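Q: I have a model open and want to go through a few spots in it. Can you take my questions as they come?

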Amino acid sequence: MSNILIVHAHPEPKSLTSALKDLAVDTLTAQGHTVRVSDLYQSGWKAVADRGDFIEQGRPDRLSYVAESRHAFASGTQSPDIDAEQRKLLWADAVLLSFPMWWFGMPAILKGWVDRVFAYGFAYGVGVHGGERWGDRYGEGVLSGRRAMLTVTIGGREPHYGARGVNGRLDDLLWPIQHGVLFYPGLEVVPPFAVYQSDRLADTEWPAVADAYKRRIAGLFNDRPIAFRTQNGGHYDGQQVLKPGLGASESGTRIHLVQPGDPEEVLDGPVPDRIALGAR
Ligand SMILES: Cc1cc2nc3c(=O)[nH]c(=O)nc-3n(C[C@H](O)[C@H](O)[C@H](O)COP(=O)(O)O)c2cc1C
């Protein structure tokens, strides 16, 4: 049995997003997992990164957040709320981020959780840097060996987020979170669970959404993760540029997905259902 951390960002406990969070807690607990929830609104999480995040400052005259983060992480002088969240991440075998899409990304309180908790030495600045080695990131890092999944409610309709949809593809919009935030420090990311037209979901449509979400939760440790290329897996040259010939059949951020025949082709596990959810 595993440890699961749910980081939840919604101001209303009766919202759809919160209902999905509650369902995840119940489902995972019933499966025998141990679940902890970081409910950011309920706990009054401090969203802004500032000098208050460091108990002692190396250079009080001019704040370098990166330098202070490095010093504080190494010396154990981070703000206790940051330290507590890092410990929860290290405890977890899987992390769910639960949030409504707000302005094509996560709510500010969740971004602030990332800004503050993903510290230097913990989530970035990890491993040997030198020569052509650019540290342990993108598939390697402190959080490697763990899984992550986004649970995101979305007001818009699914076609608006499709391959030629006016809002841009959902995988492109989630790229900064799934690749930049989660894969960067080593988490394996399974495809997101998205509910479209979330503001219009009727009570009668909830059971189908709930069933689909339970199936995704059941597959959390078995479903095939998004096949992001690892930084140090032979795909990139010494400048961290994708080697010639790789990604040739793709465009945009999708060139960074492993494709059949590539080095390090690891495509294990079932592909999760791609069910279009949301109001009709
Ligand atoms: C500040 C704000 C920004 C939003 N931005 C988007 C957006 O970029 N794209 C979208 O499809 N819906 C957007 N919405 C709609 C939300 O995604 C929707 O209200 C939410 O998923 C509903 O779930 P809830 O009942 O759990 O809040 C936004 C809503 C708010 C309040």
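Q: Lys 21, buried or exposed?
A: This is a predicted model. In it Lys 21 is buried, because its relative accessible area is 14%, under the 20% cut-off.

Q: Which element is Lys 21 in?
A: Lys 21 sits in helix 1.

Q: And what does Lys 21 touch, leaving out residues up to four places away in sequence?
A: Its contacts are Ile 6, His 8, Val 37, Asp 39 and Ser 98.

Q: Switching to helix 7. Which of its residues are buried?
A: Val 209, Ala 210, Ala 212, Tyr 213, Arg 216 and Ile 217 are the buried residues of helix 7.

Q: Where do they lie around the axis of helix 7?
A: They are on the same side of helix 7, because they cover an arc of only 165 degrees around the axis.

Q: What do those buried residues pack against?
A: Helix 1 (16–30), strand 3 (94–100), strand 6 (147–153) and strand 8 (193–195).

Q: What span should helix 7 have?
A: Helix 7 covers residues 206–218, and at 1.5 Å a residue its 13 residues should span 18 Å. The end C-alpha atoms are 18 Å apart, so the two agree.

Q: Next, helix 3 and helix 4. At what angle do they pack?
A: Helix 3 (residues 80–91) and helix 4 (residues 108–117) pack at about 90 degrees, and their axes are 9 Å apart. That makes helix 3 roughly perpendicular to helix 4.

Q: Which residues meet there?
A: From helix 3, Asp 81, Ile 82, Glu 85, Gln 86 and Leu 89; from helix 4, Trp 113, Arg 116 and Val 117.

Q: Last one: how is the chain divided into domains?
A: Domain 1 is 3–226 and domain 2 is 227–280. Their C-alpha centres lie 21 Å apart.

Notes
Residues are numbered from 1 along each chain as its sequence is written. This is a predicted model: local features need pLDDT of at least 70, side-chain atom pairs count only at pLDDT 80 or more; totals for chains, interfaces and linings use all residues. Side-chain values use heavy atoms; hydrogens and water are left out. Helices (H or I, at least four residues) and strands (E, at least two) are DSSP runs, numbered from the N terminus. The expected span of a helix is 1.5 Å times one less than its number of residues. Buried means under 20% relative accessible area, exposed over 50%, partly exposed in between (1.4 Å probe, protein chains only). The arc is that of the directions from the helix axis to the C-beta atoms. Contact means heavy atoms within 4.5 Å. Domain bounds come from an automatic or database domain assignment. Axes are lines fitted to C-alpha atoms, for helices over the stretch in contact, and angles run from 0 to 180 degrees between N-to-C directions. Angles under 35 degrees count as roughly parallel, over 145 as roughly antiparallel, 65 to 115 as roughly perpendicular and the rest as oblique.
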